Amino acid sequence: MKRATRLSQLFDSIATKLHVITGGLSVLLIATSPWILIGRRLAPNSSGWNHWHVYGGLCCALLAVALSFHVCRQGQWRQFFPWLVGEWRQCWQDISGLAQGQLPHSGGKGLLSVIAGIGLLLLLLVSVTGVGWWLTQGGEYALSLRYYHSLFADFFVAVLLLHALLGLLHLRDFFD
């Protein structure tokens, strides 16, 4: 029992940093992606950027799974995915408040939490397609997985930027 408790404490101490570490690694992968030239497979003589992107991406995929596990383990999935259980009230209140010029508050099951949940889902889709491409290198599905990886990454970048911008709104909660 003590071993499980120590393991749980270790995971909790790492989990508190998962959001920042995963976000930071995601930003680095996005920032370096314009220099990535990978097609059906990662060539042995590929540039360092290509190798960095692939293996950094694999690490980020593991972090994304750990972050998702943490969110589900702590019961926060209801906060980030309230639509899964049909809870739209707070999100609709935030949207109608925006129409009236009111900024949504962070926390709860509102718009900001739903956007964070969408970002997490997109990160998982980017991860699954990236790992899938890596596993099928040279195979018939590699280019399709690469296409979807890029597509989901584009949506993830948009949501990540929105998430960062809305995260700044959270700062105003400290001053209200």
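This is a predicted model: local features need pLDDT of at least 70, side-chain atom pairs count only at pLDDT 80 or more; totals for chains, interfaces and linings use all residues.

Student: Thanks! By class, what does the lining of the largest pocket have?

Tutor: There are 15 nonpolar and 18 polar residues in that lining, and no charged ones. The volume of the largest pocket is about 880 Å³.

Student: Which residues lie nearest its centre?

Tutor: Those are H19, F80, L112, A116 and H163, out of 33 lining residues. Helix 1 gives the largest share of the lining, with nine residues.

Student: And how big is the volume of the second largest pocket?

Tutor: About 640 Å³. It is lined by 26 residues, and S33, H53, V126, H149 and A153 are the closest to its centre. By class, this lining has 16 nonpolar, eight polar and two charged residues.

Student: Which helices supply at least two residues each there?

Tutor: Helix 1, helix 2, helix 5 and helix 6.

Student: New topic: which residues are buried in helix 4?

Tutor: C91, D94 and G97. They cover an arc of only 125 degrees around the axis, so they sit on the same side of helix 4. The buried residues pack against helix 5.

Student: What's exposed on the other side of helix 4?

Tutor: R89, W92 and A99 are exposed there. Just after helix 4, G101 has a positive phi of about 85 degrees.

Technical notes:
Residues are numbered from 1 along each chain as its sequence is written. Side-chain values use heavy atoms; hydrogens and water are left out. Buried means under 20% relative accessible area, exposed over 50%, partly exposed in between (1.4 Å probe, protein chains only). Helices (H or I, at least four residues) and strands (E, at least two) are DSSP runs, numbered from the N terminus. The arc is that of the directions from the helix axis to the C-beta atoms. Contact means heavy atoms within 4.5 Å. On a 1 Å grid over the protein atoms alone, a cavity is a set of points where a 1.4 Å probe fits but cannot get out, and a pocket is an open set with protein on both sides within 12 Å along at least five of seven lines; lining residues have an atom within 4 Å of a point. Grid points are joined across faces, edges and corners, and a volume is the space filled by probe spheres set on the points. Ala, Val, Leu, Ile, Met, Phe, Trp, Tyr, Cys and Pro count as nonpolar, Asp, Glu, Lys and Arg as charged, and the others, Gly among them, as polar.
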